[in-house]
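Subject: Structure handover

Hello,

Here is the structure I promised to pass on. Please open it next to this email and follow along.

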Amino acid sequence: MGFCATLLIYPVTFMVDRRRDEVDTGGKIILPPTVLDFMANQTLQYPMLFKLSNIENNVSTHCGVLEFIAEEGTFFAPTWMLEQLKVEAGSFIKVESATLPVATFSRFQPQQTNFLDISNPKAVLENQLRKYACLTVGDVIALSYNDKIYRLKVEEARPRDAVKIIECDMEVDFSAPEGYVDPKIEQQKQELEKNQSNTATVVHNSNRFRPFSGKGHRLDGKENKVTANEDAESDVPPVGIPDYDYKIGSIEFFRNERPVPTNTKEDAAQSFPGNGRSL
């Protein structure tokens, strides 16, 4: 018969110990001495592994043990375990001994894209996993590297969803980080949006209404020297197409203006062209 008891859980950050930051990014807990006394009278299997369960939420994880120095009725666990179990400090957790198979494969998904900035992430992971005794699928574990905390989700484990990773030859693989977008796909998306924008601009300009675009007629019957500039395009950006050259704080008013023709001598208006008569 293995160990089984209900204990109060507290994060290792509550401990007065210089190693608490290191323990907080690992996968081992600190139990009271009575647990060691009980296990000593049983047929021990090393390493000692335990299953932690939140009975109310039906959530569980697995861990190893680091020391037996906690106060009776309590135990200390890394912060990520409390988050995984969905409990707060001082909650009751079922602690029971467990036996797990040796791991052969595991896949992790980084929860931050900056994990890719590490030059050799697989080597870093293998080094940090030395602070863990087992893995459980669904857990989001914490790793410490270069004064930064990285979170990785255990997506897959073989041969079971909970495995022992001490003294084993385990193959490790990674999935794309949470929120990661492949640069090639992002570039293709931008090019597609640009092409769609250009197509919308051409269609808009070809069907756009141009006021006073006719040739017009003069009242004196002479030919109108001002030709209609039907192909003239306005500098006003089409509706729905952003003005990428806009400067914050400036307001521009666009007008459709046509150049005023210069009157020639023939077309110049002549005032009082008659011969006149004297009284």
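Below is what was found in it, taken by topic.

Keep in mind that this is a predicted model.

**The cavity**

Searching the whole structure gives one cavity of 30 Å³ or more. The largest cavity holds about 40 Å³ of space. Its lining is made of Gly27, His62, Trp80, Tyr132, Cys134, Leu135, Thr136, Asp139 and Ile141. Asp counts as charged, and Asp139 is on the list of lining residues.

Which strand gives the largest share of this lining? Strand β8 (residues 134–136) does, with three residues. Domain 1 (1–99) and domain 2 (100–183) each supply at least three residues to the lining of the largest cavity.

**The second largest pocket**

Next, an open site. The second largest pocket contains about 270 Å³ of space. It is lined by 16 residues, and the closest to its centre are Met39, Gln45, Ser97, Ala98 and Thr99. The lining of this pocket splits into nine nonpolar residues, six polar and one charged.

**A hairpin**

Now look at strands β9 (residues 140–145) and β10 (residues 148–158). They run antiparallel and are joined by six bridges. Together β9 and β10 make a hairpin, with two residues between them. Asn146 sits in the turn and has a positive phi of about 55°.

**Salt bridges**

How many salt bridges does a search of the whole structure find? The count is four. Three of them are described here.

Arg151 and Glu83 meet through their side chains, at 3.0 Å from N to O. Arg151 belongs to strand β10 and Glu83 to helix α3 (residues 79–85), so this pair ties together parts that are 68 residues apart in sequence. Are these two residues buried, partly exposed or exposed? Arg151 is partly exposed, at a relative accessible area of 24%. Glu83 is also partly exposed, at 46%. The cut-offs explain the label: partly exposed lies between buried, under 20%, and exposed, over 50%.

Then turn to Asp173 and Arg107. Their side chains form a salt bridge at 3.6 Å, N to O. Asp173 is in strand β12 (residues 171–174) and Arg107 is in strand β7 (residues 105–110), so the two tie together parts that are 66 residues apart in sequence. Asp173 is partly exposed, with a relative accessible area of 29%. Arg107 is partly exposed too, with 22%.

Arg158 has a relative accessible area of 39% and is partly exposed. Glu156 is partly exposed at 22% relative accessibility.

Some of these bridges share partners. Through them Arg107, Glu156, Arg158 and Asp173 join into one network.

**Where to start**

Begin with the largest cavity, where strand β8 gives three residues to the lining. Then go to the salt-bridge network of Arg107, Glu156, Arg158 and Asp173.

Best wishes

Notes. Residues are numbered from 1 along each chain as its sequence is written. This is a predicted model: local features need pLDDT of at least 70, side-chain atom pairs count only at pLDDT 80 or more; totals for chains, interfaces and linings use all residues. Side-chain values use heavy atoms; hydrogens and water are left out. On a 1 Å grid over the protein atoms alone, a cavity is a set of points where a 1.4 Å probe fits but cannot get out, and a pocket is an open set with protein on both sides within 12 Å along at least five of seven lines; lining residues have an atom within 4 Å of a point. Grid points are joined across faces, edges and corners, and a volume is the space filled by probe spheres set on the points. Helices (H or I, at least four residues) and strands (E, at least two) are DSSP runs, numbered from the N terminus. Domain bounds come from an automatic or database domain assignment. Two strands pair if DSSP finds at least two bridges between them. Buried means under 20% relative accessible area, exposed over 50%, partly exposed in between (1.4 Å probe, protein chains only).
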